[in-house]
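Here is a briefing on a single protein chain. Look over the sequence and structure first, then read the points by topic.

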Amino acid sequence: MKINNKNELIQTIDNKLKYSSKDKAIIYQEQSLSYQELDYLSNTIAYHIRQRVNKNNPIGLQIERSLYIVPAILGILKAGCIYVPLDPHNPIERSKHMIEDANIQLIITNELSTSYSPVPFITLHELVQNVIPETKQKINWNIETPENIAYIIYTSGTTGKPKGVPITFAALEQMIKSIIRKETFDIQERNIVLQMASINFDSSIIEIFTTLYAGATLVIASEEERINPDLLIRCLKEKRITTATIPPALLAILPTADLPALETLIFAGEATSQKTFERWRDSNRRLINAYGPTENTVCSTVCIKEPKESPIDIGTPLPNISCYIMNDNHQILPPGIAGELYIGGNQLTHGYINQADLNSVKFIDNPFVSDKEKSYGINTKLYKTGDKVRLLPNGHIEFLGRIDNQIKINGYRVEPQEIELLLNTYKGIKQAIVSIRENNETKSLIAYIQLENKNCQITKDQLRSFLQTKIPKYMIPSVWLFLDKLPLTINGKIDYGQLSKYTIPQRERLQNRSQKSNIEESILSHIISTILESSNIEPETDLFDLGLTSIQAIQAIANANSLGIDISVSNLYKARTIRAVLENKKSKLCFWANNYDENKPLLLLICGFSFFSPAYQVFVDTFKSDYSILVLESYMELFWNKRDCNIDTLTSSLFKLVTPILQDKTLYAIAGYCIGGDIALHLANKLYNAKVAQPHVFMLDSFAKKNKEYVYIEEPGLDSQISDERNRISNALNSSIYFQPYEGNVSLFLASEFTPQLATAPTQEKIDQAYSIFLQNGDEWKRLLPHCQIFHIPDTDHWRFLIDAKALAIVKNIIAQIH
């Protein structure tokens, strides 16, 4: 079938944006956008892009999960440009390759950064907040033909570099129209669809565009909901999700729950066990096994799963897709005989970007194309998938694995050869082989290393650090085996069968072996030992060095929680050992610094960068005699190893935390030091808008202007990984802060002395910049908040302010006079 020359996809979505009466098109946590709001925001973004970039140019989208993901994508497309997702957590070297390979002209990001690319950056916040002229608010989609490229997705590559897959609007439209049909996903306007996949992977394309095309509602899962089983189940239940695509590895360990709204559950990204299918089966729920490579626009075949049906049945092709099962001579094989799957039709990409040699191998001329198809210019090429399949008697296709070494791990497509090529460049390595090992329905990457000689002193930590600068975390092996010699077949090739027989050694015992100190250590040790098929895991052994994967970590926490051990996934990542995670169970994000006294005014103290103790103890000692002090712990605790590091997410979380406590109490004031003052202002606004309270805000030496590239002071002896994570969180949060006017009372207490002690390396230029900000700070706050009161506290500077008892006593006296 020849694809329509008119861009029906764009016309349909545009009509939904302009005329849909649905008040919630996009939902993210407590925030939402209607279709009209989505239209306006995407028009605003498109307008500003057009001022900077010509149409048909690639635009990088390097943002965290938020309400503004979809407006940003639509804004890029409306501007007539090509959407290229860039993972903010990719190593710089990998991102640089993608930027150069795709010829990206502009990058939209959460925070400004110019450290690794000559390409201009602009923040999403700047695009959304800059109001456009009323005459420009109606934007026509700047797309010439359906053959224009809509997006480019990068996948793992055998050359050691990721490869870009460009997809046209025509291919995207064909896929969406096939997917929303009643015979497949059956997505209608009434549906509520979960957006679970990372926007850096093409599964997100189905979730986003099928929802918009149908005029349905899209719920964007937060990063924490994506990794925390309990929160994900809560999201499915509270948001009444009707359609969800969830990785099989997560479904295998996700606790089953009563989810009456969930009508369609899609399994995609990797093979699924029969056990997992059956545990999610419900009389009112359709289970769908979906298959498709990125090269053929996300989804190629679909199977509606019936009871006791083969778990590896991937069904039949979508309309206008051709599937051929062939041998090495490109001859079609009869039913029951295994061969390689080749795919053609209207959804196929034209080939990888800048990969002519690879394209000639992976995209072959279709020997079965009809004359009619030739005249239309469709189905002329076939993609060599590398997947081993066979045709079943009922016409369905059964997936049998890979012909090559490509693997899927937790839904991610990984070319082991890409990792091997990098490891083989490391000095002292003779040869490295990377493969996958399956264990209890979870998978992990394992690296087998043969050194050049026995004198080479190379550790897995060195190799892990080396790879962290070049590839994403999900591609870094979790298990490392150093072998004297890699096993070979009689033909001199690597014997993968023999490799799989090598056992993973228990990590070296600690010299001072500690006894398990309590029953919780024993229980958690047994849980993780079972998952890893190991034994006698010491309480101080690094679990991730043993090969514990992210999915296994989620499974371990879920099992521990079910037995009454109250620990979190983020704490496990932070602690890394059984003993440490049990000693630092879920921290109380909210607690009383002194006993609540209804006769004292209630003061809410927000800890910013630093944790409560000992940094804020002087403040508490100064104020506790006159105030009941409720403490909100450092935002570090909330955001550790999570991606949604922004002020709106933080404010929403703190609001949920304090509102139950404030139900029968009167909140007098919120106090915050430095960035804590900004957080206090945002939380006060949210409390006021929700008619919970209108607190007085006390800002202790907070700055109206901020350095967007801020690296905090390194503390002696602090682990580099912890330091990097701490700086990542602070930089992301700092960059997301925007000014919100507040109608309530605001008092600003500023240090009167300047300090040259900066968080970043104190060059003279940076000192001068900081001094200028210091001098203008009071005037800048007065400009932003004309009604605020400003007090200059003598004989103290920014870094001494919070621990200076004399300065805080002055602040307390001023507040007493105000009150």
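At 6% relative accessibility, Asn379 counts as buried (under 20% relative accessible area; exposed is over 50%, partly exposed in between, with a 1.4 Å probe and protein chains only). This is a predicted model, where local features need pLDDT of at least 70 and side-chain atom pairs count only at pLDDT 80 or more, while totals for chains, interfaces and linings use all residues. Residues are numbered from 1 along each chain as its sequence is written, and side-chain values use heavy atoms, with hydrogens and water left out.

**Overall build**

- Of the 819 residues in the chain, 58% are buried.
- The chain has an accessible surface of about 35,200 Å² (Shrake-Rupley method, 1.4 Å probe; for residues, only the protein chains shown count as cover).
- Carbon and sulfur atoms own 49% of that surface.
- Take the contacts (heavy atoms within 4.5 Å) with a separation of 6 or more: 67% of them join residues 24 or more positions apart.

- Most residues other than glycine have a negative phi.
- Asn379 has a positive phi of about 60° and is not a glycine.
- Asn379 sits in the loop between α13 (371-376) and β19 (381-391).
- Asn56 also shows a positive phi, near 70°.
- The loop between α2 and β3 (58-62) holds Asn56.
- Is Asn56 buried or partly exposed? Asn56 counts as partly exposed, because its relative accessibility is 35%.
- Arg240, which follows α9, has a positive phi near 55°.

**Helix α1 and its cover**

- Helix α1 spans residues 8-19, 12 residues in total.
- Leu9, Ile10, Thr12, Ile13, Asp14 and Leu17 are the buried residues of α1.
- An α-helix has 3.6 residues a turn, so residues three or four places apart point the same way.

**Helices packed on α7**

- Two packed helices are described by the angle between their axes and the distance between the axes.
- α6 and α7 pack at about 75° with axes 10 Å apart (axes are lines fitted to C-alpha atoms over the stretch in contact; angles run from 0 to 180 degrees between N-to-C directions).
- α6 and α7 are therefore roughly perpendicular (65 to 115 degrees; under 35 is roughly parallel, over 145 roughly antiparallel, the rest oblique).
- On α6, the contact uses Leu172, Met175, Ile176, Lys177 and Ile179. On α7, it uses Ile205, Ile206, Phe209, Thr210 and Tyr213.
- α3 and α7 pack at about 80°, with their axes 12 Å apart.
- α3 and α7 are therefore also roughly perpendicular to each other.
- Val70, Ile73, Leu74 and Leu77 of α3 meet Ile208, Phe209 and Leu212 of α7.

**Helix α9**

- Helix α9 covers residues 229-238, with Pro229, Leu231, Leu232, Ile233, Cys235 and Leu236 buried.
- Asn228 caps the N-terminal end of α9. A side-chain oxygen of Asn228 lies 3.0 Å from the backbone nitrogen of Asp230.

**Thr349**

- Thr349 lies in the loop between β17 (339-345) and α12 (356-362).
- Thr349 is buried, because its relative accessible area is 6%.
- Thr349 and Ile167 are 182 residues apart in sequence, yet their C-alpha atoms are 5.5 Å apart.
- Neighbours within four places aside, Thr349 contacts Val165, Pro166, Ile167, Glu295 and Phe363.
- The Thr349 side chain reaches the backbone oxygen of Pro166 at 2.6 Å.
- The Thr349 side chain also reaches the backbone nitrogen of Gly351 at 3.3 Å.

**Two further sites**

- Ala268 is in the loop between β12 (264-267) and α11 (274-279).
- Ala268 and Ala290 are 22 residues apart along the chain, with C-alpha atoms separated by 5.1 Å.
- Thr622 belongs to helix α21 (residues 617-623).
- Thr622 is buried at a relative accessible area of 14%.
- Beyond neighbours within four places in sequence, Thr622 contacts Leu808, Ala809 and Lys812.

Key: Helix = DSSP H or I, 4+ residues; strand = E, 2+ residues; numbered from the N terminus. Polar contact = N/O pair within 3.5 Å; in protein donor to acceptor, adjacent residues only side chain to side chain. Expected span 1.5 Å × (residues − 1).
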